[in-house]
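Trainee: I would like to learn how to read a model like this one, feature by feature. Could we go through it together?

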Amino acid sequence: MDKIVNKVKEKLGYSTDYIFKEIVIDKKKVYFIFCEVLCNGSDINEFILEKFSNFNKKDLKNLINILPDNNIKEIKEEEITTFINNGFLICIADNKILAIEVRAILERGVTTIESELSISGPKDSFSENFNTNLGLIRKRIKSSNLWWKELPVGKSSETKVGIMYMNDIVDKDLVTKVANKISSIDIDAIIDSSYIKDVLEDNNSFFPTIMSTERPDKVSMALLEGKIAILIDMSSYVLILPNFFIDFFHTVDDYYQKSINTTFIRIIRIFAFFIAILLPAFYIAVTTYNQDAIPMSLLLLLKAQRSFVPFPAVVEALFMIVSFEILRESDLRMSSTTGSAISILGGLILGDAAVSAGIMSPIMIIIIALSSIAGFVFTSIELVNAIRIYRIILLILSCILGLYGIYLGSVYLLYKLITLTSLNKPYLAPFSPFIKSEIKDSIYKESNTNKKYRNPILTKNKYRGKYK
Amino acid sequence: MKKVIYIIIFLCLIFGTNNYQELNSISIITNIGIEKNKSNYKLIYQEVIPVREDNTINNKYKYYESLGESLEECQKKLNEKIVKKVYLDHLENIVINTDSKELFYNLDHLFDEEFDNFNIYLSDNKVKDIISYSNNYKYINSIADRKITYKKIKINRNEKRKSLIPIIGIKDKNLIFYKYKNLGDIND
């Protein structure tokens, strides 16, 4: 037994947060090994050490049955360190090695949603606790068809990665494909769900094909559509795949509001997408190449505003975009109190001063602010980033070629979207390929209770609930 | 190899796109006046300059004149005189003070073939007085209710139909519309 303890000490590098305790019961040595920071000290004292003080020689042979712990198992010598690092207390007695779960709660519990706010609907969000996250989904879908596969990923971290799906709805090939992709990950550690995204994405595109969410209700809805959810230990974001382009225009709030209102909001979001991506480019094109497209009164207004600006319009636009991005980045990294001060300083004072100093024209500030704000209509940060990139690409094209440049850039963007896939499913569905039944839940939103079909691209089990 | 082809295609696409012009570098011409004295032509450009003053935008006007034996020569002289690029795409009116049919059909030489959506007026007064009458570049448009655009004249000519040209002038210090004159009655 001493040999085993010495081996473990050596393996753990004599780190001081690992506790090695030795007690003697009826002249028999019992060793306890645990990690101080991962285990609950009071549980060890109250339920383990106190019990052991009343044990005798006979009890040591039957520890597995008399210890008051629901997760206690006999393990092999080579598994000791793994269990210690997972919050288990190792008890070596009577030539047996037992692992007793005494994990400390190191999570923040179920908190309210921070990034995907909704007006109505549930407010609970995922946390870093794997089991809590799993429970939040199981509480919503109680079906026995909600299946679950668990895989350890990461040589050092051995992070638990779980694949969740509805067995009666999902396309099994998709599950196998995702499981194979995850198994093939050869990496030191998985610190967050975003580490897995790179492996699961089919294409190297700016546009997102995997959705990450902290909303359990969103994951539940996706699972019932035939999608797959991936839960990662110590990550408060769950991945959903496959996704279509139009999915990023939807929010969970859409399903908690009247269909007619949702349809209106969805149309607004589509407008916002075009404003966010095209507005600065369009402004540059019409003011530097195609002035004939501007009504005379507006042309005079624009000319008056630009009359004192010393830079070309495109330099002014790029300067504004970069300034806005710097402002946004600094605002993100600051605490909320300092952040608001930066917003005021950057947005109001700097903007006003730039116009007064004659460096910027007011119309350019309006154009860039409007396109940036329109971009933030979307909850997916990857989509927001893609919009930012394409905004700059189209701006440069419009500066070189005018409206023709925007046309060329838009054709290229459309080509990229059409050729994009998410787990081999066409990204632009249900528009390309056209799926009539799915159009009902793309721009237009059908009532939740009247939905007859699931997306035939995702599942063969296409009829919902009462229509089966 | 693919990249090289893409670069060549891209260069081909951008080749020749030299019509980039900043708003600050164009002179917006809104009204043009043409006078003919014997064999000489006088061409007058009215440039509108929007000026931002105390959160309001006011239009100021600048006039450029040139003399020459032909309209092309006058135009060439004016283009040299005006520092910024002459921008005629938002031209509102052309006022002509001579009875010369040839002049009406010779405007093709001044502008691009597709550019013909401006109004044409005849006047017995000095054209500079007419085009500088009001501080509103659209003022002349409101004088004649039936607008005769150059485009209409070209269509009528091709279809061998009559074209009526409005005659405007200054009477008792007011800019007024007199009557229409048939283009067919104008001397060659």
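Trainee: How many residues of chain A are in contact with chain B, and how many residues of chain B are in contact with chain A?

Mentor: Keep in mind that this is a predicted model. In it, 20 residues of chain A are in contact with 19 residues of chain B.

Trainee: Which helices of chain A supply at least two residues each of the side that touches chain B?

Mentor: They are α10, α11 (296–306) and α15 (381–401) of chain A. The most comes from α11(A), with nine residues. Sorted by class, this side of chain A has twelve nonpolar, five polar and three charged residues.

Trainee: Now the sheets, please. How do I read the order of strands in the open sheet of chain A?

Mentor: Here is the general idea: strands of a sheet pair through backbone hydrogen bonds, and the pairing is either parallel or antiparallel. In chain A, five strands make an open sheet in the order β1-β2-β4-β5-β3, with antiparallel pairing. At its edges stand β1 (18–25) and β3 (72–74) of chain A; each has a single partner strand, so one side of each lacks a neighbour in the sheet. On average, and ignoring direction, neighbouring strands of this sheet are turned by 20° against each other.

Trainee: What joins β2 to β4 in chain A?

Mentor: Three bridges do, between residues 28–35 of β2(A) and residues 88–93 of β4(A), and the two strands run antiparallel. For a pair to find on screen, take Tyr31(A), whose bridge partner in β4(A) is Ile92(A).

Trainee: And in chain B, which elements come to how many?

Mentor: Chain B has five helices and eight strands. From the N terminus on, its elements run α-β-β-β-α-β-β-α-β-α-α-β-β. Start with β1 (residues 26–37) and β2 (residues 40–53) of chain B, which pair in the antiparallel sense over eight bridges. Lys36(B) has Tyr41(B) in β2(B) as its bridge partner. These two strands form a hairpin with two residues between them, and Lys38(B) in the turn has a positive phi of about 55°.

Trainee: How many bridges join β2(B) to β3(B)?

Mentor: There are 13 bridges to β3 (residues 56–68) of chain B, again antiparallel. Tyr45(B) stands opposite Tyr64(B) in β3(B). This is a hairpin with two residues between the strands too, and Asp54(B) in its turn has a positive phi of about 45°.

Trainee: How should I think about a core, and which residues have the most contacts inside the largest nonpolar one?

Mentor: In soluble globular proteins, nonpolar side chains tend to be buried together. The largest nonpolar core here has 84 residues, and those with the most contacts inside it are Ala281(A), Phe282(A), Ile284(A), Ala317(A), Met364(A), Leu394(A) and Val95(B). Helix α10 (residues 259–288) of chain A provides the largest share, eleven residues. A second, separate core of 36 residues includes Tyr165(A), Val170(A), Leu223(A) and Ile228(A).

Trainee: Which residues does Ile284(A) touch, leaving out those up to four places away in sequence?

Mentor: Ile284(A) touches Ala313(A), Val314(A), Ala317(A), Leu395(A), Ser398(A) and Cys399(A).

Methods
Residues are numbered from 1 along each chain as its sequence is written. Chains are lettered from A and ligands numbered from 1 in the order in which they are written. This is a predicted model: local features need pLDDT of at least 70, side-chain atom pairs count only at pLDDT 80 or more; totals for chains, interfaces and linings use all residues. Two strands pair if DSSP finds at least two bridges between them. Helices (H or I, at least four residues) and strands (E, at least two) are DSSP runs, numbered from the N terminus. Axes are lines fitted to C-alpha atoms, for helices over the stretch in contact, and angles run from 0 to 180 degrees between N-to-C directions. A nonpolar core is a set of buried Ala, Val, Leu, Ile, Met, Phe, Trp, Tyr and Cys residues joined through C-beta atoms within 7 Å. A residue is buried if 20 or more other C-beta atoms lie within 10 Å of its own, exposed if 12 or fewer, and partly exposed in between; C-beta atoms are placed from the backbone. Two residues are in contact if their C-beta atoms, placed from the backbone, lie within 7 Å. Ala, Val, Leu, Ile, Met, Phe, Trp, Tyr, Cys and Pro count as nonpolar, Asp, Glu, Lys and Arg as charged, and the others, Gly among them, as polar.
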